[in-house]
Amino acid sequence: MTSKPTILPSTLQTHVAKAIAEAGGWIGFDRFMALALYTPGLGYYAGDLPKFGAMPASGSDFVTAPELSPVFGRVLARQVHEALDATATDEVWEFGAGSGALAAQLLGALGDRVRRYTIVDLSGSLRARQQATLAAWGDRVHWVDRLPDQMQGVVVGNEVLDAMPVQLLQRRAGLWHERGVALNGTEGGFVWEDRPTPLRPPVEIDGPHDYLTEIHPQGEAFMRTLAQHLVRGAAFLIDYGFGEDEYYHPQRHMGTLVCHRGHQVDSDPLADVGLKDITAHVNFTAMALAAQDAGLQVLGYTTQAHFLINCGLLSELERLTQAQRAQAAKLMMEHEMGELFKVLAVGAGAPWRPMGFAQGDRSHRL
């Protein structure tokens with residue numbers, strides 16, 4: 001497969017083009033996505049663009065739950081507090097802390113129950129923004145570039161898994177290919193190029209039709225790494241995605257890969273590289289199995305709506321103004337974040353049942 005090439009105006013695009021050339025003219029999409037998002041000093045998450053915000057006028061590209069309403073963090077804090085007590089720990093770890101809004105909400109709600117709040121974030125520009133946002137908590141907040149040999153505490157990751165590079169698989173005329181990125185030699189742009197591969201989705205895709213989808217080796221590796229380091233505690237991962245049966249449904253033949261820029265969605269990651277987010281929905285079955293196979297327990301899996309309602313969202317809404325209530329309600333509305341977003345909890349240590357899964361637990365559907 002080939003596609004119309006894009007022009008290469010930026011330093012990042014030149015850097016990516018060089019990487020493709022040095023690799024022999026082709027790289028898998030997972031490497032392209034990693035370069036586009038995380039190249040130090042150049043990638044989308046390494047730059048100074050606002051990224052997170054509720055409205056396009058802010059210059060942001062997308063909104064996450066903590067920016068949508070501070071109620072999100074206050075409700076999540078109830079679950080974190082329970083988890084700290086259940087695991088007899090006093091530290092919170094947040095992966096991919098974004099603007100720092102969620103950390104501020106959790107720290108404000110948890111108070112002295114948290115002795116130490118540690119952020120793991122690869123972006124230097126986002127770290128600077130987080131440090132400004134969280135300055136009021138002083139040396140209680142720490143940043144690290146790598147994990148210690150052993151972690152104890154409660155891990156939080158909101159919209160982290162969806163930003164991890166994915167591999168693209170394309171079934172065409174009954175044959176599977178890995179979709180990668182090559183250079184258009186005459187026009188100097190990026191083009192899609194498919195190559196035969198032994199890789200397959202984790203389930204058979206019914207039907208003879210052409211089919212494009214993703215697999216998530218880096219997300220699964222993250223879950224295994226978490227299991228290696230977390231010796232006591234729990235992790236709550238919140239993201240948009242599906243269980244495996246729904247993820248690889250025969251009708252989902254175009255995959256889930258999308259880009260975000262200016263609160264608009266497009267499906268062309270080869271254009272405007274470094275200027276927009278690239279993301280894919282999460283296969284939560286793969287994440288849960290990777291964690292379980294590495295020694296963690298699956299504590300629960302449900303929709304964001306069920307999770308937040310179980311943790312007291314409705315009582316929080318009663319204390320808000322009408323305008324604030326309307327905004328916060330989007331966290332649980334089915335056509336907003338309530339159904340598409342899911343919460344997966346895994347734990348190390350003695351099993352227990354988190355409040356967020358008291359009703360509507362879907363672990364049996366993973």
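Trainee: Why is R140 called partly exposed?

Mentor: R140 has a relative accessible area of 21%. Buried means under 20%, exposed means over 50%, and partly exposed lies in between, with a 1.4 Å probe and protein chains only. R140 is therefore partly exposed. This is a predicted model, in which local features need pLDDT of at least 70, side-chain atom pairs count only at pLDDT 80 or more, and totals for chains, interfaces and linings use all residues. Residues are numbered from 1 along each chain as its sequence is written, and side-chain values use heavy atoms, with hydrogens and water left out.

Trainee: What makes the pair R140 and D112 a salt bridge?

Mentor: The closest N and O atoms of R140 and D112 are 3.5 Å apart. A salt bridge requires a side-chain nitrogen of Lys or Arg within 4 Å of a carboxyl oxygen of Asp or Glu, so the pair qualifies.

Trainee: Why is D112 called exposed?

Mentor: The relative accessible area of D112 is 70%, so D112 falls in the exposed class.

Trainee: How do you know that E316 and R74 form a salt bridge?

Mentor: Their closest N and O atoms lie 3.3 Å apart, so the pair meets the definition. This pair links distant parts of the chain, with E316 in helix α11 (residues 313–317) and R74 in helix α4 (residues 71–87).

Trainee: Why is E316 called buried?

Mentor: E316 has a relative accessible area of 7%, and is therefore buried. R74, at 31%, is partly exposed.

Definitions and conventions: Helix = DSSP H or I, 4+ residues; strand = E, 2+ residues; numbered from the N terminus.
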